[in-house]
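Subject: Structure handover

Hello,

Here is the structure we talked about. Please open it first, then read the notes below.

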Amino acid sequence: MTGRSGLVRVVEREARVFRQLWRGPVILSFVTPVLFLAGMGIGLGGMVDDGGDRDLGGLDYLEFVTPGLLVASAMQVAAGESLWPVMAGKKWMKTYHAMVATPLDASDVVGGHVAWTAIRTAMSGSAFLAVAAVLGGVPSAWAPLAVPAAVLCAAAIAALVSAFAVGQESDLAFTTVMRLGVIPLFLFSGTFFPVAQLPDGLEPLVVISPLWHGVELARGATTGQLGLGEGVAHVAALVAMLWLGWRWAARRFTRELQA
Amino acid sequence: MTPRLRATAIIERNVLAYRRMLAPFLTGFLEPLLYLGSIGIGVGALVGGVEVDGRTVPYEVFVAPGLFVVAAMNGAIMDTTFGFFVKFKYGKTYDAILVTPLGVRDVAVGEVSWAVIRGGIYATVFLLAMLALGLIESAWAVLALPVAMLVAFAFAGAGLAASTFMRSFVDFDFINLAMVPLFLFSATFFPLDRYPDWLARVISVTPLYQGVALSRAVVLGDVHLGLLAHAAYLLVMGAVGVRIAGRRLGILLQP
């Protein structure tokens, strides 16, 4: 089947499943980040703002942390959806094998997975941003552009992580991926505090964090403070990660599903 | 075999099982430690000091005892919620166990004891990290480990009891939905006086807050008799959980 229509069929399948099982995903991708926004942005943020000696580029803490949580929750959804569900598709429920027994091929499966992750994070990200705007965390009218930034980051993560997951024989390593990969990215990519505060040896490493590029882009959008050159560089980095991840995933899915 | 010795067979089984799954076990304590680095030290540099009982302490000193009990709680609920459900529903582990001289009470007591041990191990690692980072202000901190075991007992009992009511993995969303607010709003990251009065009163009767209040008191050295109320709360919560879990397991496993 031609790449594009095959991808759409896989997305349609995911959307139909989602309509039956939306409760858990909505808790994970919307309720949890809103709770973090209330706890970290307003509760802890009140202490940061009262503290005085902060260096957040003139932002309130709530304004600082809103784009961070937006992109970080998109990343977490993308990573979670690219681990256990991929193992279910390959091994536990074998839905991927069912898919490639139709005119769909492995690259449609990858494309559908990445595209569906993008759609889901666009929905949950928009809802989160609307809540944050009501709470006062979004000072700029450019803010809607933060959603595509989060989606681009989520798509890159979905491609990279699903490429890893499909090659595994069990889910034994997945918890470790979350604990050693996703949670450190979540906590140290400029989400909660500026990366300039990281130890000198660690700060340059943020350029390999997709989350950092996504957060910088989204923060530029929600605050209206982003240079054109910086913006282009972050978009280029994310597109490169997405492209590499997609290529890698297509190869690994093909090897697993069509061998 | 005396009943107490029977329950230890469950602990032994879990030790043997985790010897083949070392990575999930060893990385289990990382999350609160990473939060200590990010929120405690990173955001702490933006916050400055926090006033506790009339004196000002650095923010990371304030946060560390909160995350310490989170480490214990995490260690305790991993095996009594998801871990329990996988063994119960898919592994049929307990059906196999009940063919031996062990009964359902032994399963409940054994799983909760194991969870307390796991929570205690994670809490010990966290406490050593606090010591290394200079975040302990008082010699009363020797009581922190018993506090962590109490928290682990309370959440292991409640978690096991709740898990016996789960119909499928989809229902575990409710557990996540309960854990995230407890983690964020139990005075873990900011003190109770930042909330409106009515909300502060609500939080003061939630379970994780009892542990946070106890652990912060011993680590900062503000020990007084009123703390026994928090300890009693956690003890009752764990004991009620174990009783409910034992009874429910009887219904589920011995039809």
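**Transmembrane spans**

Residues 64-84 of chain A are 90% helix and 0% strand, with their end C-alpha atoms 32 Å apart. Helices (H or I, at least four residues) and strands (E, at least two) are DSSP runs, numbered from the N terminus. Residues 21-44 of chain A are 92% helix and 0% strand, and the end C-alpha atoms lie 33 Å apart. Both spans come from an unreviewed UniProt entry, whose "transmembrane region" annotation in chain A covers residues 21-44, 64-84, 114-135, 141-165, 177-196 and 231-249. UniProt positions are given in the numbering used here, feature names are shortened, and annotations may be inferred rather than shown by experiment.

**Ground rules and confidence**

This is a predicted model: local features need pLDDT of at least 70, side-chain atom pairs count only at pLDDT 80 or more, and totals for chains, interfaces and linings use all residues. Residues are numbered from 1 along each chain as its sequence is written, chains are lettered from A and ligands numbered from 1 in the order in which they are written, and side-chain values use heavy atoms, leaving out hydrogens and water.

The model scores ipTM 0.91 and pTM 0.92. Chain B has an average pLDDT (the predictor's confidence in each residue, from 0 to 100) of 92, and 98% of its residues score at least 70.

**Interface**

Chain A brings 36 residues to the contact and chain B 34 residues; contact means heavy atoms within 4.5 Å. The area buried between chain A and chain B is about 3,000 Å², and carbon and sulfur atoms give 74% of that. Buried area is the accessible area (1.4 Å probe) that two parts lose on being put together, summed over both. Arg23(A), Met47(A) and Arg179(A) supply 22% of what chain A buries against chain B, more than any other three residues.

**Aromatic rings**

There are 24 aromatic pairs over all chains. Rings of Phe, Tyr and Trp (its six-membered ring) pair if their centres lie within 6.5 Å; planes under 30 degrees apart count as stacked, over 60 as edge-to-face and the rest as tilted.

Phe164(A) and Phe174(A) make a tilted pair, 6.4 Å centre to centre with 55° between the planes. Phe164(A) is in helix α7 (residues 146-166) of chain A and Phe174(A) in helix α8 (residues 174-188), 10 residues apart. Phe164(A) is partly exposed at 24% relative accessible area, while Phe174(A) is buried at 0%. Buried means under 20%, exposed over 50%, partly exposed in between (1.4 Å probe, protein chains only).

In chain B, Phe190(B) and Tyr195(B) are also tilted, because their planes meet at 35°, with centres 5.2 Å apart. Phe190(B) is buried at 3%. Tyr195(B) is buried at 11%.

One aromatic cluster takes in Phe36(A), Phe186(A), Phe192(A), Tyr35(B), Phe183(B) and Phe189(B).

The charged end of Arg219(A) sits over the ring of Phe64(A), 3.7 Å from its centre. Arg216(B) lies over the face of Phe62(B), 3.7 Å from the ring centre. The cut-offs: NZ of Lys or CZ of Arg within 6 Å of the ring centre and within 35 degrees of the ring normal.

**Positive phi**

Most residues other than glycine have a negative phi. Lys94(A) has a positive phi, near 60°, and is found in the loop between α4 (84-92) and α5 (95-100) of chain A. Lys92(B) has a positive phi, near 55°, and is found in the loop between α5 (82-91) and α6 (93-97) of chain B.

Best wishes
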